[in-house]
Amino acid sequence: VTSALKSFTEEKFAKLFEHYHHIQSCHITYEIEKLEQIAQATILYQKIEVHAKANAVDIYSAVDILLEKLKRQLEKIKETHLGHQE
């Protein structure tokens, strides 16, 4: 992983961590399969494991798509969790 990719990913995920305070851990992996760049992440959020995978032509786009997928999943968990508390 290049330093540019590492700093890009850290900046993007820092915003995610600010919005979702109960993230306990995050593991991100990158792969290259032929012409596709793949970014995967597994997050532990409120004792629930959330996994997402994104493919794109370049790895930076894959990270952006990955973050959108994770946000949707985390928001769904957050809404479900808050709904049960009421």
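## A glutamine and its neighbours

Setting aside residues up to four places away in sequence, glutamine 40 touches His27, Ile28, Thr29, Glu31, His51, Ala52, Lys53 and Leu66, where contact means heavy atoms within 4.5 Å. Glutamine 40 belongs to strand S2. Helices (H or I, at least four residues) and strands (E, at least two) are DSSP runs, numbered from the N terminus.

Is glutamine 40 buried or exposed? With a relative accessible area of 14%, glutamine 40 is buried. The scale used here calls a residue buried under 20% relative accessible area, exposed over 50%, and partly exposed in between (1.4 Å probe, protein chains only). The side chain of glutamine 40 also makes a polar contact of 2.5 Å with that of glutamate 31. A polar contact is a pair of N or O atoms within 3.5 Å; within protein, one must be able to donate a hydrogen and the other to accept it, and residues adjacent in sequence count only if both atoms are side-chain atoms.

## How to read the model

This is a predicted model, in which local features need pLDDT of at least 70 and side-chain atom pairs count only at pLDDT 80 or more, while totals for chains, interfaces and linings use all residues. Residues are numbered from 1 along each chain as its sequence is written, and side-chain values use heavy atoms, with hydrogens and water left out.

## Overall layout

The chain has two helices and three strands. Read from the N terminus on, these elements run α-β-β-β-α. Along the principal axes, the C-alpha atoms fill a box of roughly 50 × 20 × 15 Å.

Of the 86 residues in the chain, 30% are buried. Among contacts between residues at least 6 apart in sequence, 38% join residues at least 24 apart.

## The sheet and the helix on it

The three strands form an open sheet in the order S1-S2-S3, with antiparallel pairing; two strands pair if DSSP finds at least two bridges between them. Strand S1 (23-33) and strand S3 (48-56) stand at the edges, and each has a single partner strand, so one side of each is left without a neighbour in the sheet. On average, neighbouring strands are turned by 15° against each other, direction ignored. Axes here are lines fitted to C-alpha atoms, for helices over the stretch in contact, and angles run from 0 to 180 degrees between N-to-C directions.

How many bridges join strand S2 to S3? Nine bridges link S2 (residues 36-45) to S3, and the two run antiparallel. In one of the pairings, isoleucine 38 has asparagine 55 in S3 as its bridge partner. Helix H1 (residues 3-19) packs on the sheet, touching S1 and S2, and its direction makes about 145° with that of S1.

## The nonpolar core

The largest nonpolar core has 22 residues, and those with the most contacts inside it are Phe13, Leu16, Ile43, Leu66 and Leu70. Such a core is a set of buried Ala, Val, Leu, Ile, Met, Phe, Trp, Tyr and Cys residues joined through side-chain atoms within 4.5 Å. H1, S2, S3 and helix H2 (59-85) are the elements that give two or more residues to this core. H2 gives the most, with eight residues.

Not counting residues up to four places away in sequence, leucine 70 touches Phe13, Ala41, Ile43, Val50 and Ala52. Valine 50 lies in strand S3 and is buried, at 2% relative accessibility. Leaving aside neighbours within four places in sequence, valine 50 is in contact with Ala41, Thr42, Ile43, Leu70, Gln73, Leu74 and Ile77.

## Two salt bridges

A search of the whole structure finds two salt bridges, each defined as a side-chain nitrogen of Lys or Arg within 4 Å of a carboxyl oxygen of Asp or Glu. One joins the side chains of aspartate 64 and lysine 12 (3.3 Å, N to O). Aspartate 64 lies in helix H2 and lysine 12 in helix H1, so the pair ties together parts that are 52 residues apart in sequence. Aspartate 64 is partly exposed at 31% relative accessibility, and lysine 12 is partly exposed at 28%.

The side chains of glutamate 68 and lysine 71 also meet in a salt bridge (3.7 Å, N to O). Both residues lie in helix H2, three residues apart, about one turn of the helix. Glutamate 68 is partly exposed, with a relative accessible area of 41%, and lysine 71 is partly exposed, with 35%.
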